Amino acid sequence: MELTGKRGGNFAMAALRLTIIPALLFSIVMLFILVLAPQALAEERYVTDGMWGTGGSSSGQFNMPMGITIDSTGNVFVADVGNHRIQKFSSSGALITMWGTHGYGNGQFDGMWGVEVDESGNVYVADSMNNARIQKFDSSYVYSKQWGSFGSGDGQFSNPVDAVVDSHGNVYVTDMSNNRIEKFGPDGGFLAKWGTPGSGDGQFNSPHGLAVDSNDNIYVADTGNHRIQKFDSEGAFIIKLGSYGDSADGQFSNPQGVTVDSAGNIYVADTGNHRIQKFDSAGSFITKWGSYGSAPGQLHTPIDVAVKSDGEVYVSELWTHRVQKFRKALCGMPQLELRVEKRFWKNYDEYLEGWLTISYIVHNASGSEAFDSVITGSTATNGVTLVTSLPASLGNIAPDGSWTGKVQYDVPPDVERFVATTFASAKDACGVSYSYPAP
């Protein structure tokens, strides 16, 4: 594709060329039109859609946020461990309320890890460290009851780190240091337990996060064994997924959080690898996202993960003291527009030297992200040569988002006109690659 520009010209072609006229200052819009047919690709893409939190103890700040969960109306609850409190936010991160102080009394916390909300709005907190108990609060966040004490007997705990509630109101607790799961009735009465130390099916090595699906199956982040195990509501082993590794799909390094969406897809906070991995209900890998860092879209020690009914994914990050929200990106053709904002000779002397700079904006006018976008090269006629080093990475361009750059050319003094053609590439959310102009 090329787009041809000239004085008074219109641009409605499938290909885009720039005709440069010295000493002429004007703006044009150049549209790259996709002619490649979309292709199916299994991998999904997730993009960051907001974040909140900084290190501190003020309202809305965090000191080592760990457990995260979402209620039936989409509000987000975070276990703010270092501040010994629970904070509740809207889905966009606006603080709604918070409660808890450090201590050992009713409604106080000491190093709690997990938080869960049942269908009635009751909140359960795994008060992990010295308190070794589960605390329950009503829908107004008033202390209701507690159960558990330190030990290894039925109904006792040694570091209870997470809790989930099934459709019957039964409560399941990860008893981490005892390497087992305990099940309680809605009143906190002990019902059952399963698990022993080890690496066999149904055994655990420092289990952490829990999840429950619509069929009351229980998912356990078996952290020390670098895997996820799935059980029925009575503790019978069903499947496992994962093995130790630092890069391959489906491998984990100390995964601590797990959740399940309404379709049965499994999301894992792959803590040591600083990423989220998603699997289908049979345990087959679907996609992953995140890398080590603190920039938007990067993750630093993701501890827990939660999914809202609309598919938005929320992640608590331990050492960046924040919650980050992700959404599934839309597949489809990125519609890239190259808008030349201005092209000019800075002065007559520079014209004689032959330096021409073109400033432009690459704008994504479509409803889907343009991933891994690159200006791959530029060619010119009449002996004009490219000075700017290409390719130039544009990164990811959100729908209606833009990227600004410059291209510089060396123009011989006797050249009055030349045509420059710019080439680009991008991927859609499903990983399908497109070239502009198309070959």
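How many salt bridges does the count come to? The count comes to 18 salt bridges. The legends below visit some of them, along with other details of this predicted model.

View 1. With a relative accessible area of 0%, glutamine 277 is buried, because buried means under 20%. Its side chain reaches the backbone oxygen of glutamine 251 at 2.5 Å. The side chain of glutamine 277 also makes a polar contact of 3.1 Å with the side chain of aspartate 270. Looking beyond neighbours within four places in sequence, you can find glutamine 277 in contact with several other residues, including Ala248, Phe252, Tyr267, Phe285 and Lys288.

**View 2. A salt bridge between aspartate 372 and arginine 45.** Side chains of opposite charge can pair when their charged atoms come close. Here the side chains of aspartate 372 and arginine 45 meet, at 3.9 Å from N to O. This pair links distant parts of the chain, 327 residues apart. Aspartate 372 belongs to strand β31 (residues 370-380), while arginine 45 sits in the loop between β2 (28-31) and β3 (46-52). Is aspartate 372 buried, exposed or partly exposed? Its relative accessible area is 36%, so aspartate 372 is partly exposed.

**View 3. Glutamate 312 meets lysine 325.** These two side chains form a salt bridge, with 3.9 Å from N to O. The partners are 13 residues apart: glutamate 312 is in the loop between β26 (302-307) and β27 (313-317), and lysine 325 is in strand β28 (residues 322-328). Glutamate 312 counts as buried at 13% relative accessibility, and lysine 325 counts as buried at 9%.

View 4. In the salt bridge between arginine 322 and glutamate 317, the closest N and O atoms are 2.7 Å apart. Arginine 322 is buried, with a relative accessible area of 5%, and glutamate 317 is buried too, at 0%. Elsewhere, salt bridges that share partners bring Lys308, Asp310, Glu312 and Lys325 together in one network.

**View 5. An open sheet of four strands.** Follow the strands in the order β4-β5-β6-β7, and you will see antiparallel pairing. Which strands stand at the edges? They are β4 (65-70) and β7 (95-99); each has a single partner strand, so one side of each is left without a neighbour in the sheet. On average, neighbouring strands of this sheet are turned by 20 degrees against each other, direction ignored. Strands β5 (residues 76-80) and β6 (residues 85-89) pair over five bridges. For valine 78, the bridge partner in β6 is glutamine 87.

View 6. Leucine 390 and proline 391 are joined by a cis peptide bond, with omega about 10 degrees. Proline 391 lies in the loop between β32 (385-386) and β33 (392-397). Next, look at asparagine 179, in the loop between β13 (171-175) and β14 (180-184). Its phi is near 50 degrees, a positive value in a residue other than glycine. Asparagine 179 is buried, with a relative accessible area of 12%. Aspartate 400, in the loop between β33 and β34 (402-410), has a positive phi of about 65 degrees although it is not a glycine. Is aspartate 400 buried or exposed? At 60% relative accessibility, aspartate 400 counts as exposed.

Definitions and conventions
Residues numbered from 1 in each chain as written. Predicted model: local features only at pLDDT ≥ 70, side-chain atom pairs only at ≥ 80, totals over all residues. Heavy atoms only, no water. Buried < 20%, exposed > 50% of the residue type's maximum accessible area, 1.4 Å probe, protein only. Polar contact = N/O pair within 3.5 Å; in protein donor to acceptor, adjacent residues only side chain to side chain. Contact = heavy atoms within 4.5 Å. Salt bridge = Lys/Arg side-chain N within 4 Å of Asp/Glu carboxyl O. Helix = DSSP H or I, 4+ residues; strand = E, 2+ residues; numbered from the N terminus. Pairing = 2+ DSSP bridges. Axes fitted to C-alpha atoms, helices over the stretch in contact; angles between N-to-C directions.
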